[in-house]
Amino acid sequence: MEPDLSCSSFPKQWLQRYGWEILPHPAHSPDLAPSDFHLFGPLKRHLGGMAFETEDDLISELRNWFDNLDVNFFRVGINSLLSRWQKCIDLYGDYVEK
């Protein structure tokens, strides 16, 4: 029988099967999601004031932006997770940045 991939317990079961530690965290916290705290701000600043005639124009600009990011951009975002997790723990789960 194949696992039901839509089931919310599937990722947890998969992680446990491969021995990964599951860290407790809020269902969604913008303080702990690299896309929210590290990616969207610079992307929003880059796209600010631009207008696109077609969806393809927007996609082209997004691809260009991502292609020109330095590899360290992503490294910095991921590496900052540890300190953000600690701040969240120190604040008893409250938002890191208000």
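Visitor: Where is Glu61 placed in this structure?

Guide: Glu61 is in helix H3. Here helices (H or I, at least four residues) and strands (E, at least two) are DSSP runs, numbered from the N terminus. One note before we go on: this is a predicted model, in which local features need pLDDT of at least 70, side-chain atom pairs count only at pLDDT 80 or more, and totals for chains, interfaces and linings use all residues. Residues are numbered from 1 along each chain as its sequence is written, and side-chain values use heavy atoms, with hydrogens and water left out.

Visitor: Happy with that. How many helices and strands does the protein have?

Guide: The protein has 5 helices and 0 strands, and its pattern along the sequence reads α-α-α-α-α.

Visitor: How should I read burial, and what share of the residues counts as buried?

Guide: Buried means under 20% relative accessible area, exposed over 50%, and partly exposed in between (1.4 Å probe, protein chains only). Of the 98 residues in this protein, 18% are buried.

Visitor: Back to Glu61, then. Is Glu61 buried or exposed, and which side chain of opposite charge is nearest?

Guide: A salt bridge needs a side-chain nitrogen of Lys or Arg within 4 Å of a carboxyl oxygen of Asp or Glu. For charge, Lys and Arg count as positive, Asp and Glu as negative, while His and the chain ends are not counted. Glu61 is buried but has no salt bridge, and the nearest opposite charge is the side chain of Arg63, 12 Å away.

Visitor: Which residues does Glu61 touch?

Guide: Contact means heavy atoms within 4.5 Å. Setting aside residues up to four places away in sequence, Glu61 touches His46, Leu47, Met50 and Phe52.

Visitor: Leu47 is in that list. Which residues of helix H3 can I relate to Leu47 or Leu43?

Guide: Take Leu62, which lies in helix H3. Beyond its neighbours within four places in sequence, Leu62 contacts Leu43 and Leu47. Leu62 counts as partly exposed because its relative accessibility is 22%. Leu58 also has its place in helix H3 (residues 55–67), and its C-alpha is 9.2 Å from that of Leu47, 11 residues away in sequence. With a relative accessible area of 29%, Leu58 is partly exposed.

Visitor: Which residues make up the largest nonpolar core?

Guide: A nonpolar core is a set of buried Ala, Val, Leu, Ile, Met, Phe, Trp, Tyr and Cys residues joined through side-chain atoms within 4.5 Å. The largest one here has 6 residues: Leu39, Leu43, Leu47, Trp65, Leu69 and Phe73. Helix H2 gives the most to this core, with 3 residues.

Visitor: What about the outside: why does Trp20 count as exposed?

Guide: Trp20 counts as exposed because its relative accessibility is 56%. Trp20 sits in the loop between helix H1 (9–17) and helix H2 (34–47).

Visitor: And Val76, where does that residue lie?

Guide: Val76 lies in helix H4 (residues 71–79). Val76 is partly exposed, as its relative accessible area is 49%.
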